[in-house]
Amino acid sequence: MKPLRLSVRTKLTALYGGAFLIVGLALLIVNYLLVSSTLPDTATFANGATAGAQFEVARAYPLDTTTILPVERAQATQLVATSITEYRSDVLSTLLWQSLVALAIAGGLAVLLGWLMASRVLRPLHAITSTARKLEVENLDRRIDLDGPDDELKELADTFDGMLDRLAVSFDSQKRFVANASHELRTPLAVQRTLVEVAMADPDATPEVRKLGEHLIYTNERSERMIEGLLVLARSDRGLAARAPVRLDEVAATVIRSASAMAEEAGVTVESQLRPRTVSGDPVLLERLVTNLVHNAITYNRQGGWIHVDIGGDPALVVRNTGPQVPLDAVPALFEPFRRLSGDRTGDSRNAGLGLSIVRSIAKAHGGTAGAEPGGRGGGLVVRVRLP
């Protein structure tokens, strides 16, 4: 059985109300004892009252009262004692019940005021929690900026803002490093590829040299694709500097035409349903998003399989493809950089494992989301990209 989880607001309210009830109960007991001690004692008051009455009777009738006064005095004392006892009981009972009713009403008001006070005290914490929930790598510019007195809660909010400043600087530095390193690596790779191609073009090159050259060019091409992917990923992670209207259906049509030879070579049929859809964003990044999805759907497919590209509905872009079965719990890992699955789907070493990472990053840069799920009996994936 799941344990009951009480919020801090509820706990503070219970604490305020409980403290008030304890103080009120102590006050009620003290008041009861004070009133009880103030009321006349039964025996003392009865004896005093009957003695005074006997003195008055004796003074009024000085002759034959001695024989009857003791009997009458005892009866009078008993009568007065009974009256005083009933009077004390009625007064204390009325005091007790009225005090309990007043304590209950005041306790209810104390709980209500405690609830309101707890809400006001915890309001800065709610602001901190709300900001923390909205934070992601792409929007570290959010801050709490708590106004109010310089107390512990403001100190906590300022500390949280300072931590966000340091995180933003760290992430921005990391992105700049990835972009700069990727850019700097392109030149030596181009030089290496040129040298290998020159060596292979030599008529006197041996078959072993040519075979080694082909392997080096293959490795070089893969490195170039990985670096290009890192550059695109770093660019999309930094967000969009400018936006323009982009016809997503026209972009998809261009990508499908350019990938037709690749699909024919792989034995994959490409189907599409392209309805007009305009997106505000970067045309180069959006073209790269569609290209990655189409190329992935072709690469990780099977002979005689198919892919289907749907533009213009909700979500804005849906790409379905046949292929090997993908476990449901392994799908989220496909959107992580350099994360691979075992088996045929990601066994091709020509790819760096950045395709869907770039798709997700570009979608987030445009204010959208990217998700996937297994394709069912036909295998493969169904990737959905939502764009505003």
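**View 1. A salt bridge between Arg275 and Asp310.** Arg275 and Asp310 form a salt bridge in which the closest N and O atoms are 2.6 Å apart, a salt bridge being a side-chain nitrogen of Lys or Arg within 4 Å of a carboxyl oxygen of Asp or Glu. Arg275 lies in the loop between β2 (269-274) and β3 (278-281) while Asp310 lies in strand β4, so the pair ties together parts that are 35 residues apart in sequence. Helices (H or I, at least four residues) and strands (E, at least two) are DSSP runs, numbered from the N terminus. Asp310 counts as buried at 15% relative accessibility, whereas Arg275 is partly exposed with a relative accessible area of 32%; buried means under 20% relative accessible area, exposed over 50%, and partly exposed in between (1.4 Å probe, protein chains only). The model is a predicted one, in which local features need pLDDT of at least 70 and side-chain atom pairs count only at pLDDT 80 or more, while totals for chains, interfaces and linings use all residues. Residues are numbered from 1 along each chain as its sequence is written, and side-chain values use heavy atoms, with hydrogens and water left out.

View 2. The side chains of Asp249 and Arg247 meet in a salt bridge, with 2.7 Å from N to O. Asp249 is buried, with a relative accessible area of 8%, whereas Arg247 is partly exposed at 32%. Salt bridges that share partners join Arg247, Asp249 and Glu250 into one network, and the structure as a whole holds five salt bridges.

View 3. Because the two residues are four residues apart in helix α4 (residues 152-201), Glu197 and Arg193 are separated by about one helical turn. Glu197 is partly exposed at 39% relative accessibility, and Arg193 is partly exposed with a relative accessible area of 25%.

View 4. Strand β6 (residues 369-374) and strand β7 (residues 381-386) pair in the antiparallel sense over six bridges, where two strands pair if DSSP finds at least two bridges between them. Ala372 has Val383 in β7 as its bridge partner. The two strands form a hairpin with six residues between them, and Gly376 in the turn has a positive phi of about 90°. In a regular strand the side chains alternate between the two faces of the sheet.

**View 5. Leu328 and its distance from Ala372.** Leu328 lies in the loop between β5 (317-321) and α9 (355-365) and is exposed, with a relative accessible area of 62%. Although Leu328 and Ala372 are 44 residues apart in sequence, they are 9.4 Å apart in space, C-alpha to C-alpha.

View 6. Asp314 and Pro315 are joined by a cis peptide bond, for which omega is about 10°. Pro315 is found in the loop between β4 (306-311) and β5.

**View 7. A nonpolar surface patch that includes Leu112.** Leu112, Leu113, Trp115, Leu116 and Met117 make a nonpolar surface patch of about 500 Å². Patches are made of residues with over 30% relative accessible area and no salt bridge, like charges being joined within 9 Å and nonpolar side chains (Val, Leu, Ile, Met, Phe, Trp, Tyr) within 5 Å. Accessible areas come from the Shrake-Rupley method with a 1.4 Å probe, and for residues only the protein chains shown count as cover. Leu112 is found in helix α3 (residues 69-134) and is partly exposed, with a relative accessible area of 48%.
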